[in-house]
Every structure is written in structure tokens, then in C-alpha cells.
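Dear colleague,

I am handing over the structure below, and after it you will find an account of what came out of the analysis. Please read the account with the structure open beside it.

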Amino acid sequence: MTTEAPPLSEPLEIHFDYTRSLGPVLGRFMTGLAQRRIEGVTGSDGRVHVPPVEYDPVTAAPLSEFVEVDQEGTVLTWSWCAEPVAGQPIQRPFAWALIRLDGADTALLHAVDVEAPDAIHTGMRVRVRWTDEPVGHIRDIAYFVPADAPDDQPPPPTSPAPPAAERADGTSVDTMITPIKLGYDHTVSPEESRYLRALGEGKLIGQRCPKCEKVYLPPRGACPTDGVPTTTEVELPDTGIVTTFCIVNVPFLGQQITPPYVVAYILLDGADIAFLHLVRGCEADEVRMGMRVRAQWRPREEWETSMRNIAHFEPSGEADAPYESYAHHL
Amino acid sequence: MSYSETGSRGGATRPAVVGFAQSDCVRRTQGTTNGVEMLVPTLAEAFEQTGLSKSDIGFWCSGSSDYLAGRAFSFISAVDAIGAFPPINESHVEMDAAWALYEAWVKIRTGEVDTALVYGFGKSSAGTLRRVLSLQTDPYTVAPLWPDSISIAALQARLGLESGRWSEKDMAEVAARSLADARDNPQAQRSGEASVADLLDAPLTADPLRAHDIAPITDGASVVILAAADRARDIVSRPALITGIEHRVDSPVLGARDLTRSPSTEMAGASLDVGDVDVAELHAPFTHQELILRDALGLGDGVRISPSGGVLAGNPMFSAGLARIGEAARRVMAGDADRALAHATSGPALQQNLVAVMEAQS
């Protein structure tokens, strides 16, 4: 009996900036923050909303009557964050709180810098601690501190400040940028793991659906036609045909090959599904549908568990496959 | 029964649950984030239960999240699990699959199809769940602070504790009952015997919450099959007819809500006939949230709450709400209940809520 190695997995980090236009209400709020002022908006019932809302929660009317509120307020409820996660305002144990600023009727969620849970309570007075360089972002409020905290209290470790967005007219903030970074443990399926490990040994392993008998490479775990697990492994040769292709002439960010170059669907001999790869070793305008190709492997010492082990496909010089033989793969 | 009246208006079709299957609730699967490995056996089980096959299904709808998977259009890969060629009539919601069930319910009500299969899946363990979930909040004034889901729920819990709406003991009782009930649920992730006193002796992990107040991080998937009432009886002997289903949402502004109540659940429940239910499966990822929901739905002591153990025994993101509907329906189909209520939630601090009422089809 053999035990199979667990599926391959790798850390995957995703990073992008949410760049958001703000509109008249949130734009005014963020502009205020950049000037170290906090403005709320007055609702139809006279209640002052901080943070401001764009539409009245009762009547749904657009709101536009702004009022500046105090930078000190009262904790309505709090919770203890013993293990802060990345991006949170304070990077050591701290309290989250809903804080009703004086002059406001709704509460703002933010972090409060206190040493321990026994240093905060509902009803406690807290005040804003601003960042050194406000940019028009909710993080301009660095965090809150107890109202009686000394001004020279050393600051806690914080998350990096968000970047400043360009301001069209130099003063009002109409855009905010929030960097998003998410980390995952990205796992491939057991079938894909066997396929990738085989690639690491220079082999191409597909799988046959037990129902329709189609051979998939890469293997997919389940047949997309029948929805049943694909279990039978099939080793495929590194030769096949170009079913269809395109010539890339347009440069783009992150491009690794100088245009023009050919990206083609390669159908390996014995496979029923084509995959994308590069065709090189001839002029781009010589590539044609039905052309026979062979894999060009990278030097063995560069192999990893990846399709990158095949650098590209090259014409094999054999006669083209007749159109009828691959028409159903297009 | 409100439905026979509705049914007589233009002959709209009444959907019933005829099948339910779910994967084991586990802390971490070795599978991919596209859920195929969890879905293939779960789908097979639902088909076996109902005697239906892929070609019998008129409409497919799923619920999952790209943020959980860490990749765009992750649900597209999941479609491999259902065998989507030749093309099928398919849709997806970026929500708990309970809302996918709502879409399927509408599809059957309109008469466009008479069967539908709903599935949800999520690999919560792939990322840092409480951090990923902070991206559900307002993207201007809240999400940039990355408030984690546990901290937000803890703010809600304290409001109830300090206002006297509930006590730590009430919360521990919810946990103790859930864990005890989960002993009969072979698919539960957590179960066991724990006294309320012992639970209250445990340290606070997210003051005022203790570990037992917080649903576990769970990978899982579930499948529900719906059929129009006139077909349902051919599939199972006792279909769980959906006599009403509603969903409502509260403001995304956490500081403008009374977090000790759930107006959206109250409204969804008020538009249905929730009286006389024998059993209620509630989607309450935190102990105090069950207390809020019981109050919002007016569920008295005579109603059996979450006999599966509920999501405190296993909370597979994006399928746990659908599984509540499945668990409630299963009890009707098995003859253990005549009328059952199911609830699903989505978003921070019970922001959005769906309530369904089912009864044995006569």
C-alpha cells in the first residue's frame, strides 16, 4: 500500500488598491478629515450621522446639510482585540469601540489605544488622535485615546498609512485609496498535484473520464461533461497539434516575451482538451492551424512542479493534421 | 396556510425541498478553494436520495465567495463538479447559498422550471477568515480599518450584556445545548458535553466573548434540491413544502443600528406565518445572535432550536445558511416535524437575514 503525498500548496498573496471615488457626501467627510475636522450630515429627523450617510435612512432623500462635530465622544460599546490582524489601526492588543462623538447621534467604529481591557469601559470619554499627515481617508483618524490621556503618551505601533490620492482642484478629496493585501494557502487538487509532480519528472499525466472516456490535461478532478471524478491516469506524449492560435503584437504590463509572438491552443496526441502555450522556433506568420508541434523542455536542472518546464512548442516538421481531425476541439 | 391562496392566483407553482446533503464540517480540507472535492460526493448523495440525475435538473444556482477563495470567478471551476456540458441553466450569488435557494425558489414560482439544485461551498481555512470577512463592511469608513468579524460580534454582544437583554449564562446555555445536540450529528465539527459553569470558567478570548461563543472556522459544502409541488411527491414521500420565504437587510452603518435587535429578521418573520413551528434551524455564528433571532422570530420554549447543533457546531461559510434550510427540511421529510423554520444570515452582526417556513406537503 502506498500513501499519497498531500496535495501541493503554496502561499498566495493578493495585493491590489481599492481606488474609490467618493461623491459629494463622503468626499466632504474625507476632505474634512484631511483638515482634521469631522463633519456629519443631518438627516430628515434632525439626527446627525457620523460617519455621514449619503441618503436618509428614513426617507431615502439625498442628504447635504453638514455639521461639524466634536473630536471627543463617548464609548457606547467595546470589544477587546487581543491578536490584531494586518491592516488594523493599532498593531498591538487594543479595543474596538463604537464611539458617539459629541454633536453626533450615530456612532463611529474605530480603535481605542488602551493597554488592557480593564482600561476601557462603556461610557468612557475618548478623543481622536490624528495621523501626522492626513490625506483624506478614514485612517487619518489614527485611533482614539482616553480623553484624559497625556498628549506626550508614546504612540502604539500602527499599520502603514494609506497613500494619498491626487486631488483635482488641490483641496477637496474626491478619491480614496485603500490597499488590500490578502494571504491564502493555495492548494491544488490531488489530480492536479499528481500532474504537477509528474511535470517535475518530465512527464505529462492526463486523466480519462470513466463515463465519456475523454482525456483531460491538465486533469480537472471532475469531468465537466459528466460531473464524475476522473480517476484513470494516462501518460501523454509531448507532441501534438496547434488547434488555433493568435499572434500577440500588443505590449502590456508584465509581458515577458518581446512581441510579436504566438500563443496557441495545443492539443497533445491522445488528449481531448487543448491548453494554452507558446509556439516558437519559426516565424509567427508560419504558424497555422493543424501544425504538428513538439515540446521544447527547459534544461532539467530548471525543472519544477510546473508547466513552465516546457519552455514552448516548436514545429516538428511532420505533415499538418487535417482540419476534420481537430474541428470538434475548436 | 397562505400558499394555497397564493397558489390559486394565476396558478403559481409551489416549490418544495426534496433533497439535502452536506459534506462533513471540518477545520481544514486538503481540497481546492473551488470546492469540487467537497461537492462531487455531496451532489452524488443528493442525487441518490432523490433518484434524480443531472439531466432532471432545470436550474442550478450556487453561493460562494471569491474573497474566501482568493481568486476571481472561483465558482466557475466549481461548475466542473456538476457537469455543465452541454450547457446548463445556471446562476450564482456571491452570498450564502440560502440566497441562491431564494433565486431558485423564484425560478420555480414563475413556472420556468420545475426542479432546481442549489449548492454552496467555501474553504474558510484558505485565508484568515475573520480578516477576510472585514471586507464585507462599508468600503469607505469601515473596511479600511479591517475590523474583524469576531470583534464586531463582540461589540454587539456587549451591548446586550450591559443593557440586560441577555447574560453570559444565557450565551453559555446556547453553546452547551448546541454542543450536546451536535453529538447526534455525524457531520459536526464540534460536539460534546459541557456544563454551563465549566463554559463560563473559560477565559475571554475576545472580551466579552469566550471561545464557545464563536462558531468554528469550517470548510464545507451543501446541496439542496427543490421541486415544484406537483413533482415533489413523485420524488419523496413527504416533501418539505416551502410555504413562505422572505429576506430583508438592515443598514450597513453599524453605529446607526440597534445591534441588540434584528429588525430585518423581525420583518422577514412578520411577513410569514411562523407560528406553530416545531423546529427552527437558526444561523447564529455567535451565541448571543441566537438569542436575538429567537426574540426577533418570537420562538417560544416549545420550539426545538437547531437540533443539528447549529453553526456553533460547524459553520461552513457560504453554505451554512443553505444547510439550515436543508436541516429543517430534512426533519419535515423524515416525519420528525410537521412545520419547520429555517433562517440564514449574511454580513456583519446579523446584517441581512432570510427566513423560510416549510411544512409537510399534504
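**Salt bridges and a helical turn**

The side chains of B:Glu173 and B:Lys169 form a salt bridge with an N to O distance of 3.0 Å, where a salt bridge means a side-chain nitrogen of Lys or Arg within 4 Å of a carboxyl oxygen of Asp or Glu. Because B:Glu173 and B:Lys169 are 4 residues apart in helix H8 (residues 168-181) of chain B, about one helical turn separates them; helices (H or I, at least four residues) and strands (E, at least two) are DSSP runs, numbered from the N terminus. Over all chains, the structure holds 35 salt bridges.

Before going further, please note that this is a predicted model, in which local features need pLDDT of at least 70 and side-chain atom pairs count only at pLDDT 80 or more, while totals for chains, interfaces and linings use all residues. Residues are numbered from 1 along each chain as its sequence is written, chains are lettered from A and ligands numbered from 1 in the order in which they are written, and side-chain values use heavy atoms, with hydrogens and water left out.

**The two domains of chain B**

Chain B is assigned domain 1 (2-128 + 217-240) and domain 2 (135-214 + 243-360), with bounds that come from an automatic or database domain assignment. The centres of domain 1 of chain B and domain 2 of chain B, taken over C-alpha atoms, are 22 Å apart, and the contact (heavy atoms within 4.5 Å) takes 44 residues from domain 1 and 39 residues from domain 2.

About 3100 Å² is buried between domain 1 and domain 2 of chain B, with carbon and sulfur atoms giving 64% of that area; buried area is the accessible area (1.4 Å probe) that two parts lose on being put together, summed over both. Of the area that domain 1 of chain B buries against domain 2 of chain B, 24% is supplied by B:Phe20, B:Trp99 and B:Arg238, more than by any other three residues. B:Arg238 also meets B:Asp338 through their side chains in a salt bridge (3.1 Å, N to O), and across the interface of these two domains the rule finds 1 salt bridge.

**The sheet in chain B**

Chain B has an open sheet of 10 strands in the order E3-E2-E4-E7-E1-E8-E12-E11-E9-E10, with mixed pairing, where two strands pair if DSSP finds at least two bridges between them. Strand E3 (90-93) and strand E10 (304-305) of chain B stand at the edges, each with a single partner strand, so one side of each has no neighbour in the sheet. Strand E2 (residues 59-63) of chain B runs parallel to E4(B) and is joined to it by 5 bridges, with B:Cys61 standing opposite B:Val118 in E4(B).

**Where chain A meets chain B**

In the interface between the chains, 61 residues of chain A are in contact with 51 residues of chain B, and the two chains bury about 4400 Å² between them, 61% of it on carbon and sulfur atoms. In chain A, the residues that lose the most area to chain B are A:Val85, A:Leu109 and A:Tyr184, which together make up 13% of what that side buries.

How many salt bridges are counted between chain A and chain B? The count is 0, whereas the rule finds 18 residue pairs in polar contact across this interface (both at pLDDT 80 or more); a polar contact is a pair of N or O atoms within 3.5 Å, of which, within protein, one must be able to donate a hydrogen and the other to accept it, and residues adjacent in sequence count only if both atoms are side-chain atoms. The largest share of the side of chain A that touches chain B, 11 residues, comes from E10(A).

**Backbone points in chain A**

Most residues other than glycine have a negative phi, and most peptide bonds are trans. The peptide bond from A:Leu217 to A:Pro218 is cis, with omega near 0°, and A:Pro218 lies in the loop between strand E12 (215-216) and strand E13 (232-236) of chain A. A cis peptide bond also joins A:Pro259 and A:Pro260, with omega about 0°. A:Arg36, although not a glycine, has a positive phi of about 60°, and its place is in the loop between H1 and E2 of chain A.

With best regards
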